[in-house]
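Hi,

Here is the structure I promised to hand over.

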Amino acid sequence: MNRDNKFLKRQYLINLFPVIFSVLGGTINALIDSIFVSIFLGEDGLAAVNVCMPIYLVICTFGSLIAAGASVMSSQATGEDNMERAAQCYHTAFTLEVILGVVFTAAGCLLCSPISAMLSQNGSLEHYVYIYSFITMTGILPIILSYLPMYYLQMEGKMKHITVTMVLLIFLDTLLDWVLMYIFNMGIYGAALASLFSVLVACIYSFIAMETGYSNYHLKLIKFKVCDIAQIMRYGSPSALGNFIDAAKLLALNALFLHLGGASVVAVWAVINSLSELAISITSGIPQAAAPMVGAYYTARENSGLSILMKLQIKYGMLLAAAFGIILTAMYNPLEMIFSVSERLLIPLACLAVYVLFDLITSVFITFFQSTGKVLLSNVLVVLRKFIFPLGTATVILFVGGYTWLFLPIGSILTVFVGMLVVTAVWYFKRNSEHPLSKILLLDDYLEREKKVIDFSIKPYDENICHASEQIVDFCVQNKMSIRQTMKLELAIEELLTVIVRNNKGIRSVDLRAFALEDIMGLRIRCAGHRYNPFEPNPDSDEDDMMGITIMSKLAKDVSFTYSLGINVINIAFDYNVNVPAAK
């Protein structure tokens with residue numbers, strides 16, 4: 001018996017495109033504004049929007065820090081079937097984001113003038129930069145808050161609401177850009193106001209979506225827990241560090257290009273940077289679609305599921321990244337006209353296309369290590385990916401007089417190579433510990449090596465259920481279970497799967513794990529479909545079915561049910577005594 005990828009593949013693909021769309025929404029405002037401003041105000045306006053980008057990235061740093069950290073903690077709590085703990089992390093994150101949003105809005109508005117002067121280097125762009133920056137800073141609270149429901153709507157499996165939120169955001173921003181800039185002739189004022197209002201409306205809708213229907217995360221502010229703040233910061237640090245370093249890197253590159261070539265060079269860089277922000281929907285969306293499942297599977301120690309999730313991310317990520325690169329490069333001529341730049345974009349866009357392919361690989365591993373608690377390693381990879389190699393490579397190329405845009409692919413390739421060396425070094429130094437880690441993914445595979453668990457998948461048909469029940473005997477013998485213990489496990493598989501399949505017609509594949517751990521043994525079942533708890537009284541269920549479930553519940557030491565990520569998770573555990581005569 002083996003675990004296949006059918007169940008996880010389906011769940012991952014359900015998440016993938018809404019999450020990509022949600023990440024796109026985080027960067028699309030700046031891209032839309034760049035297009036409208038470049039047409040309406042020319043290269044100076046385009047350069048000003050790009051110069052303001054570090055401000056937006058710093059604001060996003062705090063939104064992603066709190067939302068990502070809390071969601072990692074919630075997903076890990078979900079893997080431990082502790083939904084009360086998962087909800088508590090959500091409430092703490094919400095309260096913390098509100099407090100920071102109010103404080104930073106006040107500070108940002110007061111300091112806007114000196115910040116704008118610094119970003120524009122007191123040049124001709126200062127007026128545009130001040131206007132765009134000030135309006136952005138008045139919207140810090142909704143920008144920060146908008147991250148939280150995006151992460152948690154995914155945790156709840158409410159992918160349609162994520163899509164609606166992003167459609168609303170993009171539609172409103174585009175419409176208001178056109179109305180305010182062209183009809184009311186508000187120029188860069190209009191672009192900034194359009195972004196602010198669209199984010200505000202999308203944020204309000206997403207929180208309403210969190211409260212509608214079944215939800216594990218209804219807001220209850222009294223559940224704020226101060227002692228969780230440090231943990232939230234720790235788990236969210238890779239996401240926040242990435243945004244912060246992006247801001248620092250962009251600030252340094254903007255200053256470098258502005259000093260060397262003026263506004264026209266910055267305008268070309270603004271195009272490349274805007275399109276690289278668009279690529280973030282792939283490089284960040286691919287791992288974010290899997291991150292909550294990774295956190296839950298990690299705390300449940302289901303390494304086979306984690307391995308499948310990593311393969312799915314690499315497979316679909318490379319396909320999407322390659323498609324993005326091909327389309328981007330083919331559109332170099334229209335993009336030159338859209339952004340109103342005089343320089344040719346073919347070679348810069350080809351460099352960006354190669355960069356995205358390798359950057360995706362590093363991004364997948366960063367998010368994976370963040371979700372599996374290896375935060376320091378994740379942060380090291382973030383620094384390599386976001387700062388050391390891109391900025392270092394750009395500096396070297398500029399000093400030796402090479403082609404500037406080669407810093408993108410060369411930096412990303414070096415990041416992958418050195419990053420894998422760092423991961424290998426971690427594995428090497430842990431190889432002689434009590435629980436050595438697996439190569440590449442650095443997982444504790446003790447349970448698999450000692451054959452204390454077995455993971456397998458079945459299609460939910462009666463004959464498959466019976467076959468799975470029979471095949472589990474080998475696992476029971478291997479772990480010295482008695483005949484009585486073996487029969488309990490067989491009966492649990494048959495009863496639970498039969499009832500679940502009959503009452504949840506949307507199931508196409510079921511993942512199962514049998515375990516024998518210290519003094520307990522049991523079964524974990526994961527399936528999709530609508531929310532269905534077999535242990536809850538249900539008037540629509542067959543009386544004979546419920547009788548079997550009732551008997552199983554009385555025989556069990558513990559039963560539990562959670563519904564998160566659009567997945568039903570059923571756990572049943574029995575006493576496990578290896579001193580009892582084993583089955584043969």
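Just after helix α18, Lys 480 has a positive phi of about 60 degrees. Helices here are DSSP runs of H or I with at least four residues, strands are runs of E with at least two, and both are numbered from the N terminus. Before going further, please keep in mind that this is a predicted model, in which local features need pLDDT of at least 70, side-chain atom pairs count only at pLDDT 80 or more, and totals for chains, interfaces and linings use all residues. Residues are numbered from 1 along each chain as its sequence is written, and side-chain values use heavy atoms, with hydrogens and water left out.

Staying with α18 (residues 462-478), its 17 residues should span 24 Å at 1.5 Å a residue, and the end C-alpha atoms are 26 Å apart, which agrees. The expected span is 1.5 Å times one less than the number of residues. The buried residues of α18 are Ile 465, Ala 468, Ser 469, Ile 472, Phe 475 and Cys 476. (Buried means under 20% relative accessible area, exposed over 50%, and partly exposed in between, with a 1.4 Å probe and protein chains only.) An α-helix has 3.6 residues a turn, so residues three or four places apart point the same way. Among the elements covering the buried residues of α18 are β1 (453-458), α19 (483-503) and β2 (510-517).

Strand β1 also holds Asp 455. With a relative accessible area of 11%, Asp 455 is buried. Its C-alpha atom is separated by 17 Å from that of Lys 311, 144 residues apart along the chain.

Next, two helix pairs. Helix α12 (residues 303-330) packs with helix α14 (residues 346-371) at an angle of about 165 degrees, the axes being 9 Å apart. Axes are lines fitted to C-alpha atoms, for helices over the stretch in contact, and angles run from 0 to 180 degrees between N-to-C directions. α12 and α14 are therefore roughly antiparallel to each other, a label for angles over 145 degrees. Their crossing is right-handed, meaning that the near helix is turned clockwise from the far one by less than a right angle. Residues of α12 that meet α14 include Leu 306, Met 310 and Ile 314, and on the α14 side they include Leu 349, Val 356 and Phe 368. By class, this contact of α12 with α14 has 20 nonpolar, four polar and no charged residues. (Contact means heavy atoms within 4.5 Å; Ala, Val, Leu, Ile, Met, Phe, Trp, Tyr, Cys and Pro count as nonpolar, Asp, Glu, Lys and Arg as charged, and the others, Gly among them, as polar.)

The axes of α15 (residues 375-400) and α16 (residues 407-430) come within 8 Å and cross at roughly 145 degrees. This crossing is right-handed, and the contact has 15 nonpolar, four polar and one charged residues. Arg 385 is one of the α15 residues taking part.

Leaving out residues up to four places away in sequence, Leu 391 touches Ala 252 and Leu 253.

Finally, Tyr 189 in helix α8 (residues 187-211) counts as partly exposed, at 43% relative accessibility. Beyond its neighbours within four places in sequence, Tyr 189 is in contact with Ile 131 and Ile 135.

Best wishes

Terms used:
Parallel < 35°, antiparallel > 145°, perpendicular 65-115°, else oblique.
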